[in-house]
Amino acid sequence: MTNYLKLAQQVVRQAASDGLEVEVIITQSKETEIRVSRGEVEQLSQSGSRGMGVRAIDGGRTGYAYTSDFSDKSIEDTWRSAVELAQVATPDEYRGLPDPQPIPSDDLEIWDANLVNVPTADKIEVAKRVEQAALNYDPRVIITQWCTYQDSIDHVYLANSKGFAGEYGRTTVASFVIGIARDENGMTNAFGLGVSNYFADLDPEAIGREAGEKAVSILSGQPVETQIGTVILDPVVGAQILTALSQALSAEAWQKKRSFLMDRMGQQVGNDMVTLMDNGRMPRGVSSAPFDGEGVPTKATRLIDEGVLQNLIYDSYSARKENKQSTGNAQRNGHRSTPALGPSNFYMQPGHLTRDEIIKGVDKGLYVISVMQTGGIDPVSGDCSMGANGLWIENGEIVGPVGGVTIATTLDGFLNNITQVGNDLRIVPFFGAIGVPTLRLDNVTIGGTKKQ
Amino acid sequence: MIDKALAQKVLSAALRTGADLAEVYVEDVTSLRLALEDTKIEQAVRGADRGAGIRVVFGNLVTYAYTDSLDEASLLDAASAAASAGSGSAKSQVIDLTARKSSLEYPILKPFDSMSISDKAALLSQMDEAGRAYNPLIAQVYGWYQEISRRVWVYNSDGVAAQDDRFIVEMGGGVIARKNGTIQRAYSGFGGQMGLELLDKNSVAGHIQRQAESAVRMLDAKPCPAGDMTVVMCNGWGGVLFHEACGHQMEADFITKGSSAYTGKIGQQVANPIITAIDDGTIPGRRGSLRFDDDGTPAQRTVLIEKGVLKDYMWDLVEARRAKRASTGNGRRESYRHMPMPRMTNTYIDQGEHDPQEIIESVKKGVYIKSMAGGQADISKGDFVFNATEAYMIENGKLTYPVRGATVFGNGPKVLMEIDMVGNDLALDPGMGTCGKTQGAKVSVGQPTIRIPKVTVGGTDEPVSGAIG
């Protein structure tokens, strides 16, 4: 068995020279993916892979190269390529590797030592239970699409010429399913998903039921008339908006003038119920890690505190530009990319109300179950609009399905018009791990049919 | 990359537990990406990916294993892992592997290495200067250049031996314009399956100035009204609507499962008779073009809808076997780490009869979508949504003012029946599309200018009143 941390350090030594900083990442993973359909396994994929990425910084100029071929020749070609590419980049005095810092040794609970021993048959069983739970929810759930179980056992090895050397293992287990429901008016679909670090934490029945229940609930949905009103956002919907907020709260976005929140540090930017956190050390957080993509210890950062903008997320580059400390938010997407500033476990602090209490408090409004959007939630302009399906609420009761409407506000409007926050915080793994409870939001434009 | 004898050996190993079909897919990819932002070349990344995927089919079950190493031992290990789901003994044999030839030619006039990396970086700097010089309201310029050389080999136990080279180049840029508290951005790219002759036909300065013009104009946009409206969509990239809202529903995996609205509708009227739609994987220069797909099937042109009537779906090898018919050459995968699935190639609505100007003039009150971010659609119901990045109100047949925040939400199959004008200005997109059906695939989309008489538009402004159309 190759000692990958030693290999990374060795490549650092070969490539580094006076004035040339070098960082090497090696990732190794073992993945299983199972897809079932109609109670049978449809696809089964089990593989291992590894890769190496080399970042060279020469006088503030950065080059990067990667390979999946670990032959001596390929490794040498890779680091030489990184060094050569650095000559193409523009010098930037703020570019450089971070100084090594001690990594806290607290247990983040991201390693399920037992996962490697879980038989494939048990994993197939999980996928089958997810599908069954979706189909059993209601006879109108006719089939599932992409009913998948997947897991990944990952190791990350990182070394750099400033003396950092670290490694960690992380396990991820996930399941996803689309439930498809049909009635006399046509078909609908909704997804259910769950993700965790531990095999035992996955709840197949809950994942399947979510897909079945949501798909059935929006059958025969009709548009309501266009109006400005109240919406309740399911956590899966809120998470899409929070993804955009996480981008607007990155120091890089501010420095490069692409955040709608720019220049409002210390100001009230949202309702005082809104507290947003990024926490790279959340126990059993799917984005938790002892150190970030460039070897800086991860931490918890309070970004918006009771509506007041307090901080941004930083990597070492954006921090150096402002003479600040990195918040440990350099993310890496395997070995194929340079570290990039991004959220870890990013979430809104939950409140005290249950979902049902929030619904009960609405005189007239839309409970949004699913949305579709592409670029409609824009962290740069702050625009926020999407297509929506959901349930109509009158006098605190759900009265019927709604489909084919749009909902629109702005990200400023979102932060300021949140009037109730649920207690049901849920982490949704979109881009990173984004968590949000059920929210009540007022003053939203609901676009549907013409006013009668 | 691996010789025929080794391929044969690996396939035999994969068949040993009673599979119906075994396949080995080998890939060798190198790439270069340069990115500029804040006037600096911030990223210069070179990548090398090489590996193989072994796929084994046992009735309805498909198993897969991949490896980063192409030596015999690693390939046989992967074959054995993929075969381990079977429990019988070999019942199929490897048919003699004879290399298939393709008559399709996608010429590369100027290879990627005919220009130095620093000259490529210099193009991004030119883009930056031209963007900033356009207008003082331009607060930021960013740009990217990417080239990918992808060589693939496919061998299967039915005797397929196919090889394809795909050279994709792309250049793009965007700007952020800022005035008082308002921020707008605009970005776009251009590229295709070609060499650096791409740069002879396109000016980087011209490209970024068009983005700057759009972003600056959108700074003065008013909020888009919400409600049902007539929408006119631009030619070219506007074809993303058909791709998302209808194209995906014509992919065979959704058909065989019964989750598509188009299941069982061959021969039926599914669109207005003025609509013909085509998926064509054989157009030289386009991102979605292939000589062979990732199952080793020759690429082809498939008429999906002819004069409103549904003619065929898009098939890959596995779904075609399930349906006991031939593949249409639409089996594609992101890399050797992925199993192929039915995917679009270059998909478009064909030429119509109307002058695009005439289409705009026909609208009393509506929205003209000139550019948009990508789209999204759900399978089964067929609802789609896309967000306009540049849009204008149409009032009494004239474009009157820019609107921001417009979201168009409709139902694909329904809209296809309702589209009532198709322009004579068919164009494919400029060449920057990547479809993300759980895996990335390079595609092209296209259409002439089209008119949708009534669809839901979302925005934050007061609802529109007055007549539709």
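Two strands are taken to pair if DSSP finds at least two bridges between them. In the predicted model described here, strand S8 (residues 276-279) of chain A and strand S13 (residues 345-348) of chain A meet this condition, being paired in the antiparallel sense over three bridges. Within this pairing, A:Leu276 lies opposite A:Met348 of S13(A). Both strands belong to an open sheet of six strands in chain A, whose order is S10-S9-S8-S13-S19-S18 and whose pairing is mixed. Because strand S10 (308-309) and strand S18 (426-428) of chain A stand at the edges and have a single partner strand each, one side of each is left without a neighbour in the sheet.

Taken as a whole, chain A contains nine helices and 20 strands. Its radius of gyration is 24 Å, close to the 22 Å given by the globule rule for 452 residues, and chain A is therefore as compact as a globular protein of that length. Along the principal axes, the C-alpha atoms of chain A fill a box of roughly 75 × 55 × 35 Å.

The pairing of strands also extends across the boundary between the chains. Strand S2 (residues 40-58) of chain A is joined by three bridges to strand S3 (residues 61-67) of chain B, and the two strands run parallel. In this arrangement A:Ser45 has B:Tyr64, in S3(B), as its bridge partner.

The contact between the chains draws on 80 residues from chain B and 78 residues from chain A. The area buried between chain B and chain A is about 6200 Å², and carbon and sulfur atoms give 51% of this area. On the side of chain B, the residues B:Tyr66, B:Lys257 and B:Phe409 supply 11% of the area that this chain buries against chain A, which is more than any other three residues supply.

Between chain B and chain A, 13 salt bridges are counted; one of the salt bridges is formed by A:Asp378 with B:Arg185, whose closest N and O atoms are 2.9 Å apart. Strand S2 (residues 40-58) of chain B provides 11 residues, the largest share of the side of chain B that touches chain A. When the residues on this side of chain B are sorted by class, 32 are nonpolar, 26 polar and 22 charged.

Conventions:
Residues numbered from 1 in each chain as written. Chains lettered and ligands numbered in written order. Predicted model: local features only at pLDDT ≥ 70, side-chain atom pairs only at ≥ 80, totals over all residues. Heavy atoms only, no water. Contact = heavy atoms within 4.5 Å. Buried area = accessible area lost by both parts, 1.4 Å probe. Salt bridge = Lys/Arg side-chain N within 4 Å of Asp/Glu carboxyl O. Helix = DSSP H or I, 4+ residues; strand = E, 2+ residues; numbered from the N terminus. Nonpolar A, V, L, I, M, F, W, Y, C, P; charged D, E, K, R; others polar. Rg over C-alpha atoms; globule rule 2.2 N^0.38 Å.
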